[in-house]
Amino acid sequence: MKKTFSLAMLIVGTIIGAGFASGKEISSFFGSNISPLVALPVGLGIFLLCYLFCTIGRLYKSSDFSKVNEKLLGKLHVIADVFLLLNSLIVLSGMLSGMDSLFDTILPISPAYSIISGILCAIIVSKGLSGLLKSNSIIVPFIIFFIILICCFNIGKPSFGFAFSPFTLPSTVLYVCMNIMLACTVLTTVDEKPKTVLWASLIAAAIMTALMLLIILTLNGNDTTADMPLISIASSTSKVLYYFAVGAVAISIFTTMMTALIGLSSWLTPLTGSKGFSVAASLIAGMTVSNLGFENVVAYLYPVIGIFGFVYIVLCSFCLCRRLLASKKSFGKCDCKVHNSGKEAQNHGGRHDEVELKDLTAVNN
């Protein structure tokens with residue numbers, strides 16, 4: 001149960017970044033007056049893709065997403081690696097610029113906020129995935145609580161109609177793909193039992209569906225043009241709620257920042273031979289791109305991640321199905337001699353399990 005909870009919080013903590021927690025992502029992808037029913041297909045998509053990438057991680061058992069891509073995609077792994085690294089860099093820059101944008105409304109001394117949070121993030125990331133899991137298990141529940149609190153005080157007039165525009169379905173697909181792209185760099189390196197993966201994906205998807213529903217209800221009927229709509233809405237309600245909102249979004253930014261930084265640094269470490277140098281170099285690169293500004297990163301670069309992410313997911317799904325089908329065919333060709341005695345039949349069943357495991361391992365390698 002502890003592993004299930006940790007994995008679920010890792011998924012939620014990765015997805016809930018500055019864009020989601022501030023409402024900017026949702027308003028950018030879906031516009032204004034959004035149907036709350038959009039949250040349902042988004043939640044379903046998050047569940048399916050989380051389960052997909054966790055399953056890939058369980059089958060290939062590697063702590064490096066680049067090696068997973070190499071085994072799964074073959075020669076295409078180089079293109080996939082470049083895309084995932086670019087994705088991590090864009091998200092990292094978005095979180096750093098988001099931290100400056102968030103606290104500049106209180107005291108305009110940026111980029112001090114991104115520098116301080118980036119250094120703290122680098123210290124935690126240097127401890128590896130275990131540090132990331134522990135951090136998310138502690139702070140993500142607080143993020144969830146604060147988002148619920150902020151939304152409950154500011155829910156607008158609900159509109160449950162299915163008045164979807166022609167762009168709603170493509171926007172939903174791109175939104176889910178964009179959110180999962182950062183998480184997949186970590187999920188493909190997680191090796192857990194199928195039951196743990198299933199329940200963790202279900203819990204994470206249920207939480208994200210509920211939170212998205214609340215945020216949509218809050219955005220509807222309120223001004224969504226601000227850099228961080230939920231922060232703007234909270235500030236017009238009360239000072240206390242405003243500071244709660246700032247705290248929740250700041251923590252959300254930090255959890256996503258950690259995942260993005262660990263994805264970049266883990267790829268660089270084998271090349272540089274130094275984990276500390278890789279973390280520092282990744283952080284500097286992220287701060288350089290963050291000069292574009294939070295609103296520009298979310299509005300222009302996040303949709304690009306969604307488009308290429310969709311292509312990447314389709315390729316991963318196709319290659320995984322092909323490998324699994326190949327392993328089943330190899331299993332079907334087993335020429336073990338089965339005798340009629342009950343004892344020998346039982347032994348043969350056991351040998352079939354061993355053959356299946358060896359065949360899958362051979363195909364994966």
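**A friendly note on this predicted model**

1. L315 sits in helix α14; helices (H or I, at least four residues) and strands (E, at least two) are DSSP runs, numbered from the N terminus.

2. Before going further, some ground rules. This is a predicted model, in which local features need pLDDT of at least 70 and side-chain atom pairs count only at pLDDT 80 or more, while totals for chains, interfaces and linings use all residues. Residues are numbered from 1 along each chain as its sequence is written, and side-chain values use heavy atoms, leaving out hydrogens and water.

3. L315 belongs to a nonpolar surface patch, together with L76, I79, L169, V173, F310, V311 and V314, and the accessible area of the patch is about 690 Å². Patch members have over 30% relative accessible area and no salt bridge; like charges are joined within 9 Å, and nonpolar side chains (Val, Leu, Ile, Met, Phe, Trp, Tyr) within 5 Å. Areas come from the Shrake-Rupley method with a 1.4 Å probe, and for residues only the protein chains shown count as cover. Helices α9 (168-187) and α14 (294-332) each supply at least two of the residues, and α14 gives the most, with 4.

4. A search of the whole structure finds 1: K24 with E295, whose closest N and O atoms are 3.7 Å apart. The pair links distant parts of the chain, with K24 in helix α3 (residues 24-30) and E295 in α14, 271 residues apart. K24 is buried at 6% relative accessible area, whereas E295 is partly exposed at 38%.

5. Do look at helix α12 (residues 239-272): its 34 residues reach 47 Å from first C-alpha to last, close to the 50 Å expected at 1.5 Å a residue (1.5 Å times one less than the number of residues). G273 follows α12 and has a positive phi, near 80 degrees.

6. Finally, confidence. The average pLDDT (the predictor's confidence in each residue, from 0 to 100) is 81, and 84% of the residues score at least 70. Residues 335-346 have pLDDT below 50 and 5 contacts beyond near neighbours in sequence, a contact being heavy atoms within 4.5 Å.

Terms used:
A salt bridge is a side-chain nitrogen of Lys or Arg within 4 Å of a carboxyl oxygen of Asp or Glu. Buried means under 20% relative accessible area, exposed over 50%, partly exposed in between (1.4 Å probe, protein chains only).
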